[in-house]
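Please keep the 3D view open as you read.

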Amino acid sequence: MSARSLFIVLHPERTEAHRFATEIAQALQPQGFDLYTNSEIDIANINKVSSDQIDARVKNCELVLVLGGDGTILRGAEFVHGKEIPILGINLGHVGFLAQIGKPTPDEIVKAVVTKSYRAERRMTLSYRVERDSTIVSQGWALNEVAVERNTEQMIELFVQIDHRPLSRWGCDGVICATPTGSTAYAFSAGGPVVWPDVQALVLLPLAAHALFSDPMVVSPESEIAIDVESDVGVLSADGLRKVQLREGDRIVLTSDKSSIHLAHIESAPFTDRLVAKFKLPIDGWRGE
């Protein structure tokens, strides 16, 4: 019987993540698991993988386990994008929206991995491309959001179109386009709406726009959003991980991506419970069960 494989992504600076990984590896390795990581930290029973080997290793893994916070999960999502491989996030920091609400013990994690008793949710992603002089100079994707922003003290001038029709010209700090998953991240902090993860939609949100109309909008996932840069410079940021320097005349085209990220959870918790846990919402006196 061939060995089962697991890829582990660790927060680089959290000793708790390294302790969890050590305990998990000690339990899984004797049960026939091959364990891999991109971490530079030496952990017994876990094989280090160089950056050029990650994709080949992950393709043969049944699960990517992330020990850290939402930021670490976003980095782990890069490894599974375009693959039907679930990613299980164990939050070792503040309560987030991508990982478990509660923090399971290493034994609980091991049991869930061995028995495959986790449930995966399909999350839509966002695709972007940057066109310059009729040539695509950059393209990529995001799980949370793509932000087009100023990178100088001056406002950035952006001309926004939806489905090949003009929407508005904004002098602003930037524009965010977020997925439902990303609606509780950067877009939320900028005043955008909370969108339940199973809703198929995109959130379009100008940042500090000097305009009569600058409210957040919920756009069809079938729509195409185009943003023309009319300032000298700007920057595109995808999930805060992938950045593209922009210049005047560039066009950014945003659409929903064909690929999804499969977020796994050991204990299935409604999104409402995540909101309550994250923001400590007052629910005393609730008359439900």
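Glu121 counts as buried, with a relative accessibility of 16%. Buried here means under 20% relative accessible area, exposed means over 50%, and partly exposed is in between, using a 1.4 Å probe and protein chains only. Glu121 forms a salt bridge with Arg119, and their closest N and O atoms are 3.5 Å apart. Arg119 itself is partly exposed at 42%. A salt bridge is counted when a side-chain nitrogen of Lys or Arg lies within 4 Å of a carboxyl oxygen of Asp or Glu.

A word on the model before going further: it is predicted, local features need pLDDT of at least 70, side-chain atom pairs count only at pLDDT 80 or more, and totals for chains, interfaces and linings use all residues. Residues are numbered from 1 along each chain as its sequence is written, and side-chain values use heavy atoms, with hydrogens and water left out.

**Salt bridges**

Side chains of opposite charge can pair when their charged atoms come close. Across the whole structure, a search finds 16 salt bridges. Three of them are set out here.

| Pair | Closest N to O | Relative accessible area |
| Lys59 and Asp55 | 3.5 Å | Lys59 54%, Asp55 37% |
| Arg119 and Glu121 | 3.5 Å | Arg119 42%, Glu121 16% |

Glu16 and Arg19 sit three residues apart in helix H1 (residues 15–28), about one turn of the helix. Helices (H or I, at least four residues) and strands (E, at least two) are DSSP runs, numbered from the N terminus. Glu16 and Arg19 also belong to a network of salt bridges that links them with Glu23 and Lys103. Lys59 and Asp55 are both in helix H2, and because they are four residues apart there, about one helical turn separates them.

**The open sheet**

Six strands make an open sheet with antiparallel pairing, in the order E13-E12-E11-E8-E15-E16. Strands E13 (217–219) and E16 (242–247) stand at the edges with a single partner strand each, so one side of each has no neighbour in the sheet. From one strand to the next, the twist averages 20°. Two strands are taken to pair if DSSP finds at least two bridges between them.

What is the phi of Asp239? It is near 60°, a positive value in a residue other than glycine. Asp239 is found in the loop between E15 and E16 and is buried, at 7% relative accessibility. Asp163 likewise has a positive phi, of about 50°, without being a glycine. Its place is the loop between strand E9 (156–162) and strand E10 (165–172), where Asp163 is partly exposed at 35%. Most residues other than glycine have a negative phi.

In soluble globular proteins, nonpolar side chains tend to be buried together. The largest nonpolar core in this model has 29 residues, and those with the most contacts inside it are Leu204, Ile225, Ile227, Leu236, Ile252 and Leu254. A second, separate core of 24 residues includes Leu6, Ala17, Ile43 and Leu67. Such a core is a set of buried Ala, Val, Leu, Ile, Met, Phe, Trp, Tyr and Cys residues joined through side-chain atoms within 4.5 Å.

Leaving aside residues up to four places away in sequence, Ile252 touches Arg129, Val130, Val148, Ile225, Ala226, Ile227, Val229, Leu236 and Leu246. Contact means heavy atoms within 4.5 Å.

**Helix H3 and Ala77**

Is Ala77 buried or exposed? Ala77 is buried, with a relative accessible area of 1%. This residue lies in helix H3 (residues 70–80), where Thr72, Ile73, Leu74, Gly76, Phe79 and Val80 are among the buried residues as well. Not counting residues up to four places away in sequence, Ala77 touches Ile87, Trp141, Leu143 and Ile261. The buried residues of H3 pack against strand E1 (4–10), helix H2 (54–59), strand E4 (63–68), strand E5 (87–91), strand E7 (135–142) and strand E17 (251–265). After H3 comes Gly82, with a positive phi near 85°.

Definitions and conventions: Axes are lines fitted to C-alpha atoms, for helices over the stretch in contact, and angles run from 0 to 180 degrees between N-to-C directions.
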